[in-house]
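Good morning, and thank you for coming. Please look at the sequence and the structure on the screen while I take you through some of the contacts that hold our attention today.

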Amino acid sequence: MIPSSVYLDAATAAPLHPVARQALLAALDDGWADPDRLYTSARRARQLLDAAREATAQTLGVRPDELSFTSSGTTAAHSAVLGGLLGRRRVGAVLVHSAIEHSAVLHAAQRHTAGGGTATEVPVDRLGRLDLDAWSAAVTGSGVALAALIAASHEVGTVQPVEQAAAACADVGVPLYVDAAQLVGRMPVPRGWSVLTASARKWGGPPGVGLLVVRKGTRWESPWPSDERESGRMPGTVNLPAVVAAAASLRAAAADAATQAARLAPLVDRIRARVAAEVPDVEVVGDPEQRLPHLVTFSCLYVDGEALLHALDRRGFAVSSGSSCTSSTLRPSHVLEAMGVLSHGNVRVSLHSGSTEADVERFLTELPGIVADLRAQAGVVGL
């Protein structure tokens, strides 16, 4: 019999929130017209777009005219980095970023350096926490145009000292871009940033919607060809039904965030403790206290990461990995490498509003045997 499925990869994409589904279906009927036209159906679409922007801005605590909708979180991140650098090109061409930024930010940094710019990488400690002294030294350097810091690690869950990093940037007039994809809809957004991005599918919204927020007074220039939509920040017409669903689900997720955090954090604590106690030669990584409430990562020595993910999938568990030899990458996770922790046989478990105690118990009950079987198949026994 095929085991029932247990989805444990909310850090990649949370299941669609019921509110998102309802709003999406309703908006498909009312929000199909171009909101920039003047006829009746277009005016209705404009009302929906304005309401979605107002609701999202209110949830984030920003002005509606500071917020633009994008086609994805990746597009938002690329725009944040490249637009922030363009807006400050007269100051210099140095981008400062942490060593554990999302790949979207690193790809934008690569584009910047390929065009003649400079990127300065700031290290983290073994828990994945930013080296604030090194950060302060980096942002005070000559020609720094923009600094980028992920709010919380998407791979290990460590929450970064954003407000302290922002204060160091403010002291020298450097704008700070914060990738808040794992935070928005789950935890309060820290203060002090100039540019912020998020992704709707992380909080249970539909895929294909990202958020780009540029604070008033921040020098930022769109890296895209000029377009009159989204205040000139993003080209093209937004996917209005998806935007409406994203706004509705964000409001619902944020309203329930404290309750969900209080429910999920003890389950993550249980995973951290039981995996360390019951699976030999395993390293649970990330800060045990300053962390996201729903995410835990561990690495198993003598186990191939791809084989472990497939074995868990056969038992009905959907998890992800940042280790080497997974379907999405042929090299170890740059985050785990930067932390100096074990990257082989890496598993990331991330819970969501539908995750239950029974799901977690089943995972913890089956995991030791799955790991032991894989080690035996590889000829590693007696651990």
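Let me begin with a definition: a residue is called buried when its relative accessible area is under 20%, exposed when it is over 50%, and partly exposed in between, with a 1.4 Å probe and protein chains only. This is a predicted model, in which local features need pLDDT of at least 70 and side-chain atom pairs count only at pLDDT 80 or more, while totals for chains, interfaces and linings use all residues. Residues are numbered from 1 along each chain as its sequence is written, and side-chain values use heavy atoms, with hydrogens and water left out.

I turn to salt bridges. Side chains of opposite charge can pair when their charged atoms come close. Here the term requires a side-chain nitrogen of Lys or Arg within 4 Å of a carboxyl oxygen of Asp or Glu. The structure contains 18 of them.

Which residue forms a salt bridge with arginine 348? The partner is aspartate 9, and the closest N and O atoms are 3.1 Å apart. Arginine 348 belongs to strand β12 (residues 346–350), whereas aspartate 9 sits in the loop between β1 (6–7) and α1 (18–30), so that the pair links parts of the chain 339 residues apart. Helices (H or I, at least four residues) and strands (E, at least two) are DSSP runs, numbered from the N terminus. Arginine 348 counts as buried because its relative accessible area is 9%. Aspartate 9, at 11%, is buried as well.

A second pair joins glutamate 221 and arginine 89, with 2.8 Å from N to O. Glutamate 221 lies in the loop between β8 (210–214) and α7 (240–255), and arginine 89 in the loop between α3 (73–87) and β3 (94–98), so this bridge ties together parts that are 132 residues apart in sequence. Glutamate 221 is partly exposed, at 35% relative accessibility, and arginine 89 is partly exposed at 48%. There is also a network of salt bridges, which links Arg270, Arg274, Glu278, Glu357 and Glu361.

Next, the nonpolar cores. Such a core is a set of buried Ala, Val, Leu, Ile, Met, Phe, Trp, Tyr and Cys residues joined through side-chain atoms within 4.5 Å. The largest has 59 residues, and those touching the most other members are Phe69, Val96, Trp135, Ala147, Leu176, Trp203 and Leu211. Helix α7 supplies the largest share of this core, nine residues. Another core, of 29 residues, lies apart from it and includes Ile271, Val319, Leu364 and Leu367.

What does leucine 176 contact? Contact means heavy atoms within 4.5 Å. Beyond its neighbours within four places in sequence, leucine 176 has contacts that include Trp135, Ala147, Val162 and Trp193.

Finally, consider threonine 237. This residue is placed in the loop between β8 and α7, and its relative accessible area of 45% makes it partly exposed. Leaving aside neighbours within four places in sequence, threonine 237 is in contact with Asp34, Pro35 and Arg229. How far apart are the C-alpha atoms of threonine 237 and arginine 348? They are separated by 35 Å, and the two residues are 111 residues apart along the chain.
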